[in-house]
Structure formats: C-alpha cells, structure tokens
Amino acid sequence: MRRLARRLLDSGPVIVLAAIAGAGSFTHIHDTATEHGQDGWMAWAVAVCVDLTCVMAARERQRDAATGRQRSGPVSWPALVLAGGVVLSLAANLHQAEASVWGWLVAATPAGAFLIAVSMLERRATTRPADPRPAPAPTTVTTSATPVPAPPMPELVPADADAPGSAAGLPPALVTFARRVADEHHATHGAPITAETLRARLGVSDQLAADLLRTLHAVPETA
C-alpha cells in the first residue's frame, strides 16, 4: 500500500501535467487545422496524429535505451520524430497566440510543459533501480601445493630391443616420459608416485600405468 501511494505521489503530478499540457496543445492544433481547411473530424485527426506521434517517439526512445540499441547517426530516428512533433505543436500554439511577446510565451507553455512531462516520464522509465542484494564475495580456493603440469605426451614409437622398458614391451619414449612425471611428482610431494596418480597424469589405462611403474622400479635411471 505504501509503495502504491509513493508511486502515485511520484508519477501523479507528472501525468496530470502531461494531460493538461497535451489537452492545451491538442486544442491549439485542432483550431489551427480548422482555420486551414481541415473541417470536422479531420481537424481532430490532425491534432491526434501530432500528439500521439510525440508519445510514440518518446516510447521508442525508451525501448532503444532499454535494449541498448545504437543509433545509426548523430540523432536517432525516434528523437528526430519527437522533435518534429514538438515543433509542429509549438507552431500551432504560436499561430493561435496574440501577436505579442507575452502572448507567444503563454501560447508556447503547453507545448513546453508537454515536452518536459514526456521527458520526465521517459527518464523514470529508463532508470533502473539498484540491486539491493550485496554482490557475492569472490571465492578463493587454497591448495596445499601448486600442481605441476605434466610435460607434453610424446608420440608412441616402436620399442627398441636395447632401450629401457623394451623387455616389458613398452615404448622407450613412454617410459622416459613416465620417469620425468614420476621425478617431478617426487620433487613436489616428497613421495614416490603411485600407479593411480601416474595413470591420471598420463591418461593411460590402469594396466599400462602398473606396467610403467614396475618398469620404473626395475630399470635404474640413466644419466
């Protein structure tokens, strides 16, 4: 209830001002159209077209601001249409005015007030309220040790009969690569690498990881 009352207090005066100013401008446009050959319903149609064009252009400017649409030139098309409608309304008001400075100022008041009211409503429609929820705190993940990325996997080549690991039918390049991974793991964690860790680091099967680990234990490291 309080929110509704606050909204009425905020928007009520602007809406009333827009209605009164629009009615005054509407009457001046109608009278001008009647004096220049537009009789009957056509005079009312001209007045409706001018005022509704201003409202439509203002709403289109709101949509452009809400969707982030970029204008193609120095002035957007809705802004140009809104300016043209206001100029037509102002011209009709001045035409109906007394030929004096005060007469022109008083006659121009409805068009100016209508433009101000439309701009106020447009400004309120495009202003987004701030999010009352606090921003989530960044999550910090701490680890006990910095993981060491494994070196690139070598291509598997046919085993050499005189190379380490050939007795088990393993490619020498894969054995050498596994030894490098095992040495880096021992230097980082201070413990020998396990078959499960070796399998995860190399991306091989459980059986191949076990064979590699047995080969590393059986074949001493060469300089």
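**How confident is the model?** The structure is a predicted model. Its protein chain has an average pLDDT of 74, and 72% of the residues score at least 70. Among the parts of the chain, helix H5 (residues 172-189) has the highest confidence, with a mean of 86, while helix H4 (residues 101-126) has the lowest, at 75. Please read two stretches with care, as pLDDT stays under 50 over residues 139-145 and also over residues 154-167. The model has 1 contact beyond four places in sequence for residues 139-145, and 23 such contacts for residues 154-167.

**A closer look at Thr-32.** You will find Thr-32 in helix H1, which covers residues 2-35. Its relative accessibility is 15%, so Thr-32 counts as buried. Beyond its neighbours within four places in sequence, Thr-32 is in contact with Ala-92, His-95 and Gln-96. The table shows two polar atom pairs that involve its side chain.

| Thr-32 part | Partner | Distance |
|---|---|---|
| Side chain of Thr-32 | Side chain of Gln-96 | 3.0 Å |

**Where H5 meets H7.** Two packed helices are described by the angle and the distance between their axes. The axes of H5 and helix H7 (residues 206-218) cross at roughly 80° and come within 10 Å. That angle makes H5 roughly perpendicular to H7. On the H5 side, Leu-174, Val-175, Ala-178, Arg-179 and Ala-182 meet Leu-208, Leu-212, Thr-215 and Leu-216 of H7. Sorted by class, this contact has 7 nonpolar, 1 polar and 1 charged residues.

Conventions: Residues numbered from 1 in each chain as written. Heavy atoms only, no water. Helix = DSSP H or I, 4+ residues; strand = E, 2+ residues; numbered from the N terminus. Buried < 20%, exposed > 50% of the residue type's maximum accessible area, 1.4 Å probe, protein only. Polar contact = N/O pair within 3.5 Å; in protein donor to acceptor, adjacent residues only side chain to side chain. Contact = heavy atoms within 4.5 Å. pLDDT = per-residue confidence, 0-100. Axes fitted to C-alpha atoms, helices over the stretch in contact; angles between N-to-C directions. Parallel < 35°, antiparallel > 145°, perpendicular 65-115°, else oblique. Nonpolar A, V, L, I, M, F, W, Y, C, P; charged D, E, K, R; others polar.
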